[in-house]
Amino acid sequence: MEGSDAGVVHFCRSRSKGRRCTRPLGHVGLHRHRTIMWTESGADALRCAGSGEPGEPAAPLADGYPHGRALCPVCLRFVPLDDAGALVEHDTTDAAETGAEARRRGEWFNAHGW
């Protein structure tokens with residue numbers, strides 16, 4: 001079951017002023033974060049504002065995860081670094097992210113904190 005998405009909720013990718021929609025991926029209607037609601041036309045761009053910022057490889061777990069990627073302080077995803085040590089251009093979320101990656105990221109945060 002390690003590679004399955006069982007038990008993993010994939011959230012909507014939309015953000016507004018940095019707030020992430022807390023509704024499930026593919027929901028109908030307005031986006032929502034607590035009491036704040038917005039339409040798609042009022043959403044932030046999908047490109048993460050952390051793209052291009054300086055970064056460094058995150059501390060690895062015993063098996064090497066996150067394999068040289070850096071933790072983006074804006075979207076809290078692990079992303080590769082370019083040759084200059086900056087976070088590569090990336091979106092705030094990855095619709096193709098697997099449940100296994102989400103679980104591994106949770107394990108990393110449990111081991112290393114925020």
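Visitor: What do the numbering and the pLDDT limits cover?

Guide: Residues are numbered from 1 along each chain as its sequence is written, and side-chain values use heavy atoms, with hydrogens and water left out. In this predicted model local features need pLDDT of at least 70 and side-chain atom pairs count only at pLDDT 80 or more, while totals for chains, interfaces and linings use all residues.

Visitor: How is a pocket defined, and what volume has the largest pocket?

Guide: On a 1 Å grid over the protein atoms alone, a pocket is an open set of points with protein on both sides within 12 Å along at least five of seven lines; lining residues have an atom within 4 Å of a point. Points are joined across faces, edges and corners, and a volume is the space filled by probe spheres (1.4 Å probe) set on them. Here the largest pocket has a volume of about 480 Å³. Its lining has 22 residues, with F11, R20, C75, E97 and R105 nearest the centre.

Visitor: Which helix gives the most to that lining?

Guide: Helices are DSSP runs of H or I with at least four residues, strands runs of E with at least two, numbered from the N terminus. Helix α1 (residues 99-112) gives the most to the lining, with 4 residues.

Visitor: How is an aromatic pair described, and how many are there?

Guide: The description uses the distance of the centres and the angle of the planes. Rings of Phe, Tyr and Trp (its six-membered ring) pair if their centres lie within 6.5 Å; planes under 30 degrees apart are stacked, over 60 edge-to-face, the rest tilted. The structure holds 3 such pairs. Y65 and F78 are edge-to-face, at 5.6 Å centre to centre and 85° between the planes. Y65 lies in the loop between β4 (36-38) and β5 (70-71) and F78 in strand β6 (residues 78-79), so this pair ties together parts 13 residues apart in sequence.

Visitor: Is Y65 buried or exposed?

Guide: Buried means under 20% relative accessible area, exposed over 50%, partly exposed in between (1.4 Å probe, protein chains only). Y65 is buried at 3%, and F78 is buried at 4%.

Visitor: What is a salt bridge, and how many does the structure hold?

Guide: A side-chain nitrogen of Lys or Arg lies within 4 Å of a carboxyl oxygen of Asp or Glu. The structure holds 6. One of them joins E89 and R47 (3.5 Å, N to O). E89 lies in the loop between β6 and α1 and R47 in the loop between β4 and β5, so the pair ties together parts 42 residues apart in sequence. E89 is exposed at 62%, whereas R47 is partly exposed at 42%.
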